Amino acid sequence: MYRLKKSGFEAYLVGGCVRDLLLGREPKDFDVVTNASPEQVKATFRNCRLIGRRFRLAHVFFGREIIEVATFRGSETNDSELQKVHEDGRLLRDNVFGTIEEDVWRRDFTVNSLYYNIRDFSIVDYTGGMEDHQQAVLKLIGDPAVRYREDPVRMLRAVRFAVKLGFTIHPETEQPIHELAHLLKGIPPARLFDEVLKLFLSGYGLQSFEMLRHYGLFGILFPATEHCLATESDEFPRQFVIRALENSDNRIADGKSVTPYFLLAAFLWEPVQERFKFYLQQGEHESVAWQKASNEVLAEQVRVISIPRRFTQAMREVWSLQARFLKRTGVRPYRLLNHPRFRAAYDFLLLRSETGGIDPEIASWWTEFQFADEERQRSMTQPARKSVRKGRGRRRGQYRSKSPKRTES
């Protein structure tokens with residue numbers, strides 16, 4: 001910011017970093033806005049790269065840190081080369097530059113439109129964002145219906161910020177979400193995947209899930225899961241999804257790592273189960289039924305949210321290993337124990353046992369087996385001996401004549 005200032009440009013901190021600093025939180029990243037064009041920013045910093053098609057941005061690299069530098073956005077224009085709008089009102093291209101007075105009205109929420117000025121260390125507020133910030137209210141700038149049509153992802157951002165910050169959504173900002181939720185279907189699946197990670201892997205997954213369902217947004221993101229939730233019996237699979245979200249939130253709170261594929265596997269488990277049972281009824285072999293069910297559910301889901309292949313492969317393995325937990329004799333348990341995805345599949349099994357999806361005795365057996373010594377493991381994997389029934393005669397072959405005794409010649 002000081003280098004831009006020395007080069008004759010304006011420079012401000014803006015957005016979430018200012019909002020979080022006012023809340024006493026450590027910002028996740030820092031965004032800078034300036035009146036310098038992207039090319040001028042690149043000329044000022046050697047360690048800079050220009051990105052973006054819809055709106056050109058400059059990324060300035062400081063080691064592993066990236067400072068995103070954006071040029072002030074201007075007001076609407078009729079120049080089709082600079083701004084292009086989809087027939088549903090969604091902005092497809094927005095390369096219009098302007099002043100700070102114009103830029104502020106192009107931002108989404110009032111609490112995200114606060115500018116920190118290094119010239120006098122003040123907060124510049126054009127939209128009443130400071131008042132909303134103090135009252136813990138999330139409010140869109142401008143007409144909410146128009147702003148949602150411009151970028152439907154703002155509905156997901158409203159949920160994410162409300163949950164993360166503990167803010168309430170202003171009634172005027174909240175009202176259009178129910179009727180405009182379907183606009184998310186027009187968003188590229190890759191962008192929705194990024195938003196899903198922010199919603200569910202930030203430590204507030206359960207709250208986000210409940211709020212998304214309240215506004216009808218979860219069903220757009222995970223239609224097959226929502227269908228199963230709408231037809232649940234005895235609170236399953238709802239309790240299974242809730243328990244998986246609680247588990248992820250707790251791990252994040254404890255500073256432990258979380259893997260996206262585990263939570264996504266939990267979301268889609270019940271749809272896969274339904275398809276699996278259907279193919280079994282059609283006479284398919286168990287392994288084929290699992291494969292078909294997994295492929296179909298994932299193929300439908302990636303059309304909505306672009307889940308990377310490395311995650312879908314891991315999800316398939318976690319699902320397929322669930323059936324192998326039922327086979328506990330011979331060498332099969334040892335092979336499963338050495339599988340690279342055993343730990344994730346075992347954690348998945350525990351969630352199922354906690355929510356009534358499988359007999360808890362099976363989960364207890366595997367908990368003991370993996371930590372037992374060799375002698376105990378051998379005894380646990382021995383096939384059960386068949387008991388011999390005592391009675392007057394044998395059920396099978398009781399009238400069979402005895403074989404003649406051998407005599408020595």
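How many helices and strands are there in the protein chain? The chain contains 21 helices and 11 strands, where helices (H or I, at least four residues) and strands (E, at least two) are DSSP runs numbered from the N terminus. The model is a predicted one, in which local features need pLDDT of at least 70 and side-chain atom pairs count only at pLDDT 80 or more, whereas totals for chains, interfaces and linings use all residues. Residues are numbered from 1 along each chain as its sequence is written, and side-chain values use heavy atoms, with hydrogens and water left out.

The predictor's confidence in each residue is given by pLDDT, from 0 to 100. Its mean over the protein chain is 88, and 87% of the residues reach 70 or more. Over residues 78-83, however, pLDDT is below 50, and this stretch has 14 contacts beyond near neighbours in sequence; a contact means heavy atoms within 4.5 Å. Residues 392-409 also stay under 50, with two contacts beyond four places in sequence. Where pLDDT is low, the predicted coordinates should not be read in detail.

The interior may be considered next. Of the 409 residues in the protein chain, 44% are buried, a word that denotes under 20% relative accessible area, with exposed over 50% and partly exposed in between (1.4 Å probe, protein chains only). A nonpolar core is a set of buried Ala, Val, Leu, Ile, Met, Phe, Trp, Tyr and Cys residues joined through side-chain atoms within 4.5 Å. The largest such core has 70 residues, of which Phe200, Leu217 and Phe222 touch the most other members. Helix H15 (residues 260-281) supplies the largest share of this core, 12 residues. Leaving aside neighbours within four places in sequence, Leu217 is in contact with Met155, Leu156, Val159, Ile177, Ala181, Leu184 and Leu212. Another core, of 16 residues, lies apart from the largest one and includes Phe9, Cys17, Leu50 and Val60.

H19 gives the most, with six residues. Among the 16 lining residues, Asn247, Arg251, Phe262, Ala344 and Asp347 lie nearest the centre of the pocket.

Finally, Glu39 is placed in helix H3 (residues 38-44). Is Glu39 buried or partly exposed? Glu39 is partly exposed, because its relative accessible area is 48%. Glu39 and Leu57 are 18 residues apart in sequence and 9.5 Å apart in space, C-alpha to C-alpha.

Conventions: 1 Å grid on protein atoms, 1.4 Å probe; cavity = no way out; pocket = protein on both sides within 12 Å on 5 of 7 lines; lining within 4 Å.
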